[in-house]
Amino acid sequence: MTSLQLATPLRMMGRFQEALDMCEDAMKVATDHADRPTQALCLCVFGDIYRRQNECEKAITRYEACLAVMTDLGDRHGQAMCLLGLAKTLCLMKQSAKVCECKALELVHKSLEIAQAMGNKLLQLRCHWLQEELYRSLGDAEQMREQMRISSRLLDDMELFCSVCNKSIGEEAEKLEGLPCTHIFHERCVMEILYGRGMRICPTCQRVVYYNPSTHPVFCSTPVPESNMLPAPPAMPSLHEEWGQEDSNFSPQMEESKV
């Protein structure tokens, strides 16, 4: 399983052969132990690797095999991930083979239905991001804005938004830092809180940070009085001025991350 876990970051780093080697090792072990869930995961990762290498036919074969196993096992999350992988592959193919976006949209809709049934907001977010890109390609501005609106709400629900710089968390490969109150911000934004002028206050819960460089920050036990609170942050800007997927084939780089 360790080999399989290493395959995804290697793929994201562009080290495709190493990722394939790791995945093949994991598949061999899973086959020897008749471990069908791990075999299915390996097939999905194989599909991701081939997709990133623009070997679309190989990717589709692996995704379809994975989907069959995941369906047989009743693994809904696995099914949704396979459907998304297939949709992304079709998006690549349309650039060279004139494949219609309609089939990709159909697959994303199926993945979204599964994600909603599971209550998996992160998976829903990935579906809406891909739908946004597809509707942009189709020139459907109304549907594109609707996907952006839903994505904004999901990001807000999951608190994947930095209220210091007013930007989404996870759209780029940036370091994150958590404060003791469990609220997460970009690392550079935490530095602004700790070293900036004025009171050191968490902008989300309004608790004061007592900071000593030689120790960890410690929060007071009660929020700052309302009269001393920082003004509410401005409304979140429109998401996806750049495409937020983890896959550079679709947009600037989020992991499988793009969560």
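Helices (H or I, at least four residues) and strands (E, at least two) are DSSP runs, numbered from the N terminus. The structure is a predicted model, in which local features need pLDDT of at least 70 and side-chain atom pairs count only at pLDDT 80 or more, whereas totals for chains, interfaces and linings use all residues. Residues are numbered from 1 along each chain as its sequence is written, and side-chain values use heavy atoms, with hydrogens and water left out.

The average pLDDT (the predictor's confidence in each residue, from 0 to 100) is 80 for the protein, and 76% of the residues score at least 70. Residues 232–259 have a pLDDT below 50; beyond near neighbours in sequence, this stretch has 84 contacts (heavy atoms within 4.5 Å) in the model.

Helix α1 (residues 2–12) packs with helix α2 (residues 16–32) at an angle of about 160°, the axes being 8 Å apart; axes are lines fitted to C-alpha atoms, for helices over the stretch in contact, and angles run from 0 to 180 degrees between N-to-C directions. The contact involves S3, L4, L6, A7, L10 and R11 of α1 together with F16, E18, A19, M22, C23, D25 and A26 of α2.

Two residues other than glycine have a positive phi: A34, near 55°, and Q206, near 65°. Most residues other than glycine have a negative phi. A34 lies in the loop between α2 and α3 (36–52), and Q206 in the loop between α9 (187–195) and β5 (209–210).
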